[in-house]
Amino acid sequence: MPVSLRRICALLLRQFYLLRGSPTRIVPLFSWVAIDIILWGFITRYLNSVSAARFNFVPAMLGAVLLWDFMARVMQGITTAFLEDVWSRNFLNLFASPLSVAEYLSGLVLISIATSAIGLAVMVGLATLVFGLSFFVYGSMLAALLLVLFLFGISLGIFGSALVLRFGPAAEWFIWPIPAFISPLACVFYPLATLPHWMQWLARLIPPSYVFEGMRGVLLHHKVAGSSLAIGSALAVFYLLVMARGFTSVYRHAVRTGLIARYAAETVT
Amino acid sequence: MCTSCSWARDFSTSTNGSGHERLPFSATDLRATLEMTETTFPSNAGPSILSVSRLCKDYSGTQAVDGVSFSVGPHEILGLLGPNGAGKTTTINMILGVLEPSSGAIAIDGCDLARRRRQALERTNFAAVYAPLPGNLTVSQNLRVFGMLYGVRHLHERMDAVMRQFDLLRFRDTKCGVLSSGEQTRVELAKAMLNQPRLLLLDEPTASLDPATARDIRAAIREFAQQTGVGVLWTSHNMAEVAAVCHRVLFMSRGRILLEGDPRTLPAAHGHATLEDLFIAVAREPLTLRRAQDEE
């Protein structure tokens, strides 16, 4: 089935209308990430001042926070746009139109790109101007690191949306802690080797662990194992495909059971 | 040539050639004309706009819709009647593609819904009291977004036309959530006609309207059907409205169609004075009617 750019743009336009008229939607796009950068910026300054090691914590920790928050913003860009349809009970209107699931998900991804870019710009501005984080230290690998996190953030967002579509509006509370659940395995602040052996195996199943290992490799050894990043990228693409397929299955289940038509109903069947 | 066909011919000559420009009309102005018009279905209506064949929906052993078959022709307004839980909304949801039938087939303007969903739904639209447009967008924002979703050409002109048609121009920058229920219904109807559908599904479209507005809306929908050839499937619990608007009615109960016919002659044919009496009989004694129907 051909994908219509116009229908995808309709979803983007809807989100633009919502953002334009609502400061309560605009402020969260950058406020939490700004607070995180400020908090961790001061922590890294303090660690630099008390540490005997000649190790700069700013790129290692503040950079890690920035990358992690970027992934979380990408995820929330998807889920928040999806929740707008939950809150306004709009599924019947949307899915009784010619809109396909692929177009709907594409629209959510475009919205997420736009909203996460705002968060990223604020984080980069603060980290650079206030705390002196230089992105040159990451070299050309930065784009690859961001891409893997972006793809995984999209996957998490689709996963969270599928949860809510499957279990009803109250399942919204499953969404917000998702990044926190996986953060111990993502090795954001510590090397993979710090984890117990069995956790290392679990960590190797999620793409962010390869990203943060790669980031530390660049900072400490000025190199990153290409094969490691390739595995992280492949995993990110794999999860994206699996989650998109999973969302489609949940949608089909909702169409089979009538949940799309009566979405307010909370049914776990 | 019947009145409606004549209007359709006149209307077709008033387009600008693209087929998308429609002359706006005021429902109020048309009311008197329509009240004098016979609610007769054109005999040369042509092939079906909607064809439903042996449609079933089973929810874990509960048969919500049980082998329903019917069709809606061009210009025709078909009333789908029945008590609460009869299967009307389930049937409409299946036609809208938001509920998968257990079995059976649905074709909209010749497009099989299961195989050509996008093409079928591009030719369809609906309005229902339980599906309000997002209240956090203005009238014009909602119409623009849904116009893009339905692939409406010359969208700006169409938006103006439907807003004028349903007296919404003064609300174009008002958020739908702050409109009265009657105004929200008019916005939903404007959205429903935005893409000039071939099939229009209306689930109790006048349920929240005052009598004067409801009469205007009925007139506007009838005029829309007569001018554009749209087929309309209409559910309502207001039997006077059904008798005034619908060319044909189907009585549903417990997922099956029990009766079908002209709403003006059907009551007498079954020994009842009014359509409302017949409705009550169907609602209370569906099994008796079904047995009688089977014997026939």
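The legends below describe close-up views of a predicted model.

**View 1. The open six-stranded sheet of chain B.** In this predicted model, six strands of chain B form an open sheet in the order E6-E7-E8-E3-E9-E10, and their pairing is mixed. Strand E6 (124-128) and E10 of chain B are the edge strands, each of which pairs on one side only. Neighbouring strands of the sheet are turned against each other by 20° on average, with direction ignored.

**View 2. Strand E9 of chain B and its two partners.** Strand E9 (residues 248-253) of chain B has five of its six residues buried, so this strand is largely enclosed by the rest of the structure. On one side, strand E3 (residues 77-81) of chain B runs parallel to E9(B) and is joined to it by four bridges, whereas strand E10 (residues 256-261) of chain B pairs with E9(B) in the antiparallel sense over five bridges.

**View 3. The hairpin of E9 and E10 in chain B.** Two residues lie between E9(B) and E10(B) in this hairpin, and B:Arg254, which belongs to the turn, has a positive phi of about 50°.

**View 4. Helices H10 and H11 of chain A.** Helix H10 (residues 207-221) of chain A packs against H11(A) at an angle of about 150°, and the axes of the two helices are 8 Å apart. Because an angle over 145 degrees counts as roughly antiparallel, H10(A) and H11(A) are described as roughly antiparallel to each other; their crossing is left-handed. The residues that meet include A:Pro207, A:Tyr210 and A:Val211 from H10(A), and A:Ser228, A:Leu229 and A:Ile231 from H11(A). By class, this contact comprises seven nonpolar, three polar and one charged residues.

**View 5. The contact of chain A with chain B.** Chain A contributes 25 residues to the contact and chain B contributes 24 residues. On the side of chain A that touches chain B, the elements giving two or more residues are helix H1 (5-20), helix H4 (91-95) and helix H11 (226-257) of chain A, and H1(A) gives the most, with eight residues. The residues on this side of chain A divide into 14 nonpolar, seven polar and four charged.

Definitions and conventions
Residues numbered from 1 in each chain as written. Chains lettered and ligands numbered in written order. Predicted model: local features only at pLDDT ≥ 70, side-chain atom pairs only at ≥ 80, totals over all residues. Buried ≥ 20, exposed ≤ 12 C-beta atoms within 10 Å, placed from the backbone. Pairing = 2+ DSSP bridges. Contact = placed C-beta atoms within 7 Å. Nonpolar A, V, L, I, M, F, W, Y, C, P; charged D, E, K, R; others polar. Axes fitted to C-alpha atoms, helices over the stretch in contact; angles between N-to-C directions. Parallel < 35°, antiparallel > 145°, perpendicular 65-115°, else oblique. Left-handed = near helix turned anticlockwise from the far one by under 90°.
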